[in-house]
Structures are given as structure tokens and as C-alpha cells.
Amino acid sequence: MSLFRTKPIVQALADGGDEAHSLKKTLTAIDLTALGIGAIIGAGIFAVLGSATSGGTGQPPAGPGVTLSIVLTALVCGFCALCYAEFASTVPVAGSAYTYSYVTLGELPAWILGWDLILEYAVGNSAVAISWAAYFRQLLMGIGLEIPAWLAADIRSAGLAAKAAAESGVSSLGPEALVAYQAWNDHAEIFGIQIVFNILAVTAFVTWILVVGVTGMIRYTKLAGSADPLAVALDHANQHWAAGILAFGAVLAMTAVLLVFQMGQPRILMTMSRDGLLGPWFSRIHPRYRTPHATTILTGVFVAFFSAVANIDVIVQLTNIGTLFAFVMVCIGILVLRVREPNLPRKFKVPFVPWVPLMGIGMCLVLMAGLPLFTWIGFGLWIGVGLVIYFLYGIRHSRLRGRA
């Protein structure tokens, strides 16, 4: 039962205020709200619209019905956001859903969720960086600069495009697939090894928020595998000038997404390390900047690598299942906390409990059930690796177990 021993909320608050692990607090409520809105728009519309409309990795395509998909997703996120808000007002410390699970469900569920959040933040940021790179390439093309195709695609997309061209002809390829096909044919080689990677995704760095949108100018099947679907649609409609403006807007808008995801992941790793579940290196704080510099650099390297070589459709599906799993755990945590700590001071309370958390849980499970089999297999393997690490290291170094 020690695997499910919960961390006292008082202890979680004390750890968060520990001088050795405290972070510099500079963002205001307005800053955080702006970052959150930018992340929603940047990731949900600019980055994954192509995968959603075309079906991505074998799922039924939403096509023009993607607008209804967005409404449904917004409803699910609304239920879950209320649960996050109660936790954030009750346990206002770093760690997000990992910390919330630790104080309600126990150490093992918290570890599983912390490991899962890597899929939500680090892997999810890879998808955003891939999309950012595609929009940035469109922006460069608008001013007469063109990046070679083999430096603007991943090897999986290139292989799939070559296969599709062989079966149905080059004319069947959409704009993004055509770039991947060119990458397959014109790739560089080093010692006989085919070199295809997305260099712009590695160097992605954005600084502003700007939202521009247009969901009926191109047939949705042409957006398969597209990382910059809105720019592709405008380009298809011969609105090249508008495609360039949109690409510029998307590059700026996706600042928030890259910043939020890249900010969240290091702090979760830092909190897990502070609890003893990861090595002390992960909780190092820069003496001058008061930031978790070690985990920030580690996350940056992780994101850069997968951004350069991964396929956006695969990354999006893994991010989806990781995020939905975290939502389910947080909603369950609210139900548990209401029973275990009914008199706990709460600055915000989820209305209509238990119905709101139950709706969040149910709708997330429905969405998870619709994900393809390979996503579930990948998720299972990822969680399996995390459990191995926990039982080899985390369970023996847990500070909570040491206190007990």
C-alpha cells in the first residue's frame, strides 16, 4: 500500500516554498492567460488542423466537420479545466497534474502521470515545432528564400510520399507531401546513409502571439500530413501574398505554444526530483536566474531531436493520449479530494460535483477509445519504460517513503 501513499498537501506547499527549490516568479495573471490562449490556438488550430481534417495516421478524416470536432474538444477541455482550476487554487506549487495526483491518488499514480506528462509537454512541443518550421519555410519562400526539401521533412513522411507517388502518381500528392517526395529523391547522403531531417524545427524560436484563421478553400484530403495547413490552403487558392502573411502570423502565434510547453516540462521533472523520484540533478536551480536550467536544457535537446526526425501525425496522436490521460487523472483527483479533504480551504471550487468531473472523465475516455491501435501500443510501451525506472530508482529514493 505504500505505493499509493499520498503526499500531505501541507508538505507539498512547504516543498514548493523551499528556498533551495523556489523559482523566480515573474509572470502575472494576464501573462499566464495570454500564454494559455496562445497555446490553445497555436497547437489546436495552426499545428494539428491538417492531421485532424485528413485523418492523419489512419483515423477517419474529419473533413469540413473539423469545426464540430473543435467544439467537442472545447467542451471536454472545459470540464477538465474547471478541475485543474480547483487544484491550482488549492495546491499552488510547481508540478501540475503530477503534484495533484501525488496529494490525492498516491506515489505510483503520480509517477505514472509525471512520466505521461512528457508526452503532453515535450513530445507535444515537437509537433508544434514541426508545424512552426513548416510555416516559417512558407514565410521564407515569400521573400525568395527556399530551404532544400531534404532539410524540411522527416524520413517517414518522405518514405510515405514516395510510396504514394509510386502507387497513384506525383499529381495525387498534396503540397506538403510533394515537399516530402522531393526530399526522398534529392536527399543528401553521408557514408551512404540517407539524410532527411527538419532543420527549421530544431532551430524554432518564436516570440509573440498573433492569431489568424481561415477551415473551406482546399479539399481536406490534400492536407494529409500537412504541418502548415492554413498556409497550404491559401496557397492552393492562389492567395500567395495571404499565405505569406498567415505564415508570419502563425510563426508569431506559436510562440506561446513553444514557450508554455517548454516551460512546463522542466518544472515537472524538477518537482519529481525534489520528491526523490528522479536524481538530484533534475532539481538544480540556476543560482542567478532561479530557473530549472538543467531540466530546461534537457527538454530542449529532447524536443529538438524529435522535431527534426519525427512525423507530425504520429507525434500528435501520442500527445493526444498523454493529454487525455492526464485530464482523466485530474478529474478523478477532484472526486477523491472532495471526499478525503471536504473542509480544505479552496479559493475556487468546481461547480456541480460530481457531475462536472464525471463528464470530463467520460468524454476523455470516449476520445481515447477513438485513437488508433498503434497509439495505445506506443503509450503502453512508454508507461512500461516509466514503471521500470520507478521500480529501479524512484521507489528506493522517494522522500515520502523516507519520511514514513
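**Val 196 and its setting**

Modeller: Val 196 counts as buried, at 8% relative accessibility. Here buried means under 20% relative accessible area, exposed means over 50%, and partly exposed lies in between, using a 1.4 Å probe and protein chains only.

Colleague: What kind of model is this, and how are residues numbered?

Modeller: This is a predicted model, in which local features need pLDDT of at least 70 and side-chain atom pairs count only at pLDDT 80 or more, while totals for chains, interfaces and linings use all residues. Residues are numbered from 1 along each chain as its sequence is written, and side-chain values use heavy atoms, with hydrogens and water left out.

Colleague: Where does Val 196 lie, and which residues does Val 196 touch?

Modeller: Val 196 is in the loop between strand S2 (193-195) and helix H9 (199-202). Helices (H or I, at least four residues) and strands (E, at least two) are DSSP runs, numbered from the N terminus. Not counting residues up to four places away in sequence, Val 196 touches Trp 150, Ala 153, Asp 154, Ile 155, Ala 158, Ala 183 and His 187; contact means heavy atoms within 4.5 Å.

Colleague: How many residues apart in sequence are Val 196 and Ala 153?

Modeller: Val 196 and Ala 153 are 43 residues apart in sequence, and their C-alpha atoms are 6.5 Å apart in space.

Colleague: Turning to the largest nonpolar core, which members touch the most others?

Modeller: Tyr 98 and Trp 111 do, in a core of 65 residues. Two or more residues each come from helix H1 (9-16), helix H4 (66-90), helix H5 (96-104), helix H6 (107-142), helix H12 (255-274), helix H14 (312-340), helix H15 (355-369) and helix H16 (373-397). H14 gives the largest share, 15 residues. Such a core is a set of buried Ala, Val, Leu, Ile, Met, Phe, Trp, Tyr and Cys residues joined through side-chain atoms within 4.5 Å.

Colleague: What does Trp 111 touch?

Modeller: Leaving out residues up to four places away in sequence, Trp 111 touches Tyr 98, Met 272, Leu 277, Leu 278, Gly 386, Leu 387, Ile 389 and Tyr 390.

Colleague: At what angle do H5 and H14 pack?

Modeller: H5 and H14 pack at about 35°, with their axes 9 Å apart. The axes are lines fitted to C-alpha atoms, for helices over the stretch in contact, and angles run from 0 to 180 degrees between N-to-C directions. The crossing of H5 and H14 is left-handed, a term for a near helix turned anticlockwise from the far one by less than a right angle, with right-handed used if clockwise.

Colleague: Which residues meet there?

Modeller: From H5, Ala 97, Tyr 100, Ser 101, Val 103 and Thr 104 meet Met 329, Val 330, Gly 333, Val 336, Leu 337 and Arg 340 of H14. By class, the residues of this contact are seven nonpolar, three polar and one charged. Ala, Val, Leu, Ile, Met, Phe, Trp, Tyr, Cys and Pro count as nonpolar, Asp, Glu, Lys and Arg as charged, and the others, Gly among them, as polar.

Colleague: How do the axes of H14 and H16 cross?

Modeller: The axes of H14 and H16 cross at roughly 65° and come within 10 Å, and H14 passes H16 in a right-handed crossing. Val 314, Gln 317, Leu 318, Ile 321, Gly 322 and Phe 325 of H14 make the contact with Phe 374, Thr 375, Trp 376, Gly 378 and Phe 379 of H16. The contact of H14 with H16 has seven nonpolar, four polar and no charged residues.

Colleague: A change of topic: is Glu 107 buried or exposed?

Modeller: Glu 107, in helix H6, is buried, with a relative accessible area of 0%. The side chain of Glu 107 makes polar contacts with the side chains of Tyr 102 (2.6 Å) and Ser 398 (2.4 Å). A polar contact is a pair of N or O atoms within 3.5 Å; within protein, one must be able to donate a hydrogen and the other to accept it, and residues adjacent in sequence count only if both atoms are side-chain atoms.

Colleague: Lastly, which peptide bond is cis?

Modeller: The bond from Val 353 to Pro 354 is cis, with omega near 15°. Pro 354 lies in the loop between H14 and H15, and Phe 352 is also placed in the loop between H14 and H15. Phe 352 has a positive phi of about 55° although it is not a glycine, and at 66% relative accessibility Phe 352 counts as exposed. Most residues other than glycine have a negative phi, and most peptide bonds are trans.
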